[in-house]
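Please read the following points with the model open beside you. They are set out for a reader who is new to protein structure.

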Amino acid sequence: MSRKPFFYDVTLRDGNQALKKPWNTKQKEIIFNQLVTLGVQGIEVGFSGSSDMDFEACQHLANIAPDNIVISGLARAVERDIIKVAEAIKNANRPRIHTFIAMSPFNMEHVLRKDPKDVRKIAVTAVKYAKSLLGEKGEVQFSVEHFGDCRENLSFVIDSLQEIAAAGAKVFNLPNTVERTRPLEFVNMIKEVRNALPENVIVAVHCHNDLGMATATTVESYFVGADQLECSLNGLGERAGNTNLYEVATSLHNCSVEIPLNMSKIYESAVLVAEMSEIEIYEKSPLIGPDALAHRSGIHQDGAMKTKNMEKGAYRPIHPSLIGRDDDEHLGFTSQSGKTAVYEIITRAGYPITTEEAIRITPSIKEKAEKIGELPTESILEIYFKEIFDVKGLFKFLEFTKINDVEKEKYKLRFSYNEKEFEEIGQGDGPLESCLSALSQAGFPQKLAHYEQLALGEDTRGVAADAMTIIHLMSPDGEKVVCRGIDHSTAKANVKAIFNGLNLIYNKKLSEIKSAK
């Protein structure tokens, strides 16, 4: 769609007024500068008639505003409020007075306690007065407060807006002041008003999130003709908040709408606002929440990892970099997780593991997760070291020492099998072959299919790093296993790897025998 949305931010007004401790001028300036960095086209800087502090803040922000940004202030449809706004924002290059009054039958009767004709007259008078103060430099925005409750008197609202347009209003904001029904009902009302108003006026929507559908309502309103989308950072606003700017922008982006924002600044904006407002980002918040990139189900983890380097992910709406998140998809291990999470968590922690090894240790990790819930990486690594580097079984490694012999390299191997102790002298080209030689003499021949040596922790510990041996062993009957050993001594790491392999092979044989019975 070639029509660009106009993002009008209300964080400094609607968001600020909902805070337990509203921001002062200095704090507002920090948020204001972030909005400029983010690239919003319009900023409602405050309600200058509410207090001297807010007036000063509005005035200051108008004075420092870039020339290309609309600077707006809110005023009730009364003369003193309108004067306050005009005075506060007069130095902005693009000033806008935003005035409003409720037109829903319920509010006119029970809150305003005025006849609809009188309400219309107040609105027209307020817009004319605001326009007279701004002249040709600025523009007037008019809001039908509680527009979402105007279904039964929509024709009255449309007639009123046509008069208000003639009085000088350029922007008509149609708020869902309290979200009560499904988005489609509100969107259909937006469409009807848009079709009834002159083409040269701008229709805006301002949706509250009382039922959790403000984003959907705002996005769909855009597609039926609303150009100005009123949103706030982190969804700040009265009660359950306002439309979340990040969600709207991202949703439209995914619909191939050109977004005139610096979207890579979204995440840093969210973090800043959370800190400034003292309202933490909910862990399940779309896009910005800590859990927004987390996967705990084994099925989801598998799909996420298979598509982790793709622009489109199996279980994420965008690539995190679009909104400036430099963290990757996170796998949390619970009783619902599987081998993919084990493999990824251990690999990301900097330790080697094969898929087969991940499958082997997953049951033990699941068993622990069933007792305590999501496991920290440290707990998973604890099981990894225990089950990969210290495999329990019938074989127990006891001693491996070099024998001084000027002619051949020999080693004494002492071990037990099924509690029977063996002591053999093995010889060969190095400790690995000598150990296999000794085992063969004891009646446990194994074939070495692959050998690898790594330094574990070399980056942080240097020469004090542990030696890790990775061996692929093959028994006489063709059984092949990957086994590892770790020790300060390379020779002992080799032997430990072999004995871990022996226990893996014989444990499997015992299991098969039991199953056959």
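1. Serine 489 caps the N-terminal end of helix H18, with a side-chain oxygen 3.3 Å from the backbone nitrogen of alanine 491. A polar contact is a pair of N or O atoms within 3.5 Å; within protein, one must be able to donate a hydrogen and the other to accept it, and residues adjacent in sequence count only if both atoms are side-chain atoms.

2. This is a predicted model, in which local features need pLDDT of at least 70 and side-chain atom pairs count only at pLDDT 80 or more, while totals for chains, interfaces and linings use all residues. Residues are numbered from 1 along each chain as its sequence is written, and side-chain values use heavy atoms, leaving out hydrogens and water.

3. Helix H18 covers residues 490–516, and its 27 residues reach 40 Å from first C-alpha to last, close to the 39 Å expected at 1.5 Å a residue (1.5 Å times one less than the number of residues). The chain has 18 helices and 16 strands (DSSP runs numbered from the N terminus: H or I of at least four residues for helices, E of at least two for strands).

4. Threonine 334 lies in the loop between strand E10 (330–331) and helix H13 (339–348). Threonine 334 is buried, at 14% relative accessible area (buried means under 20%, exposed over 50%, partly exposed in between, with a 1.4 Å probe and protein chains only). Beyond neighbours within four places in sequence, threonine 334 contacts Arg296, Ala369 and Glu374 (heavy atoms within 4.5 Å).

5. Of the 517 residues of the chain, 50% count as buried. The C-alpha atoms fill a box of roughly 110 × 50 × 40 Å along the principal axes.
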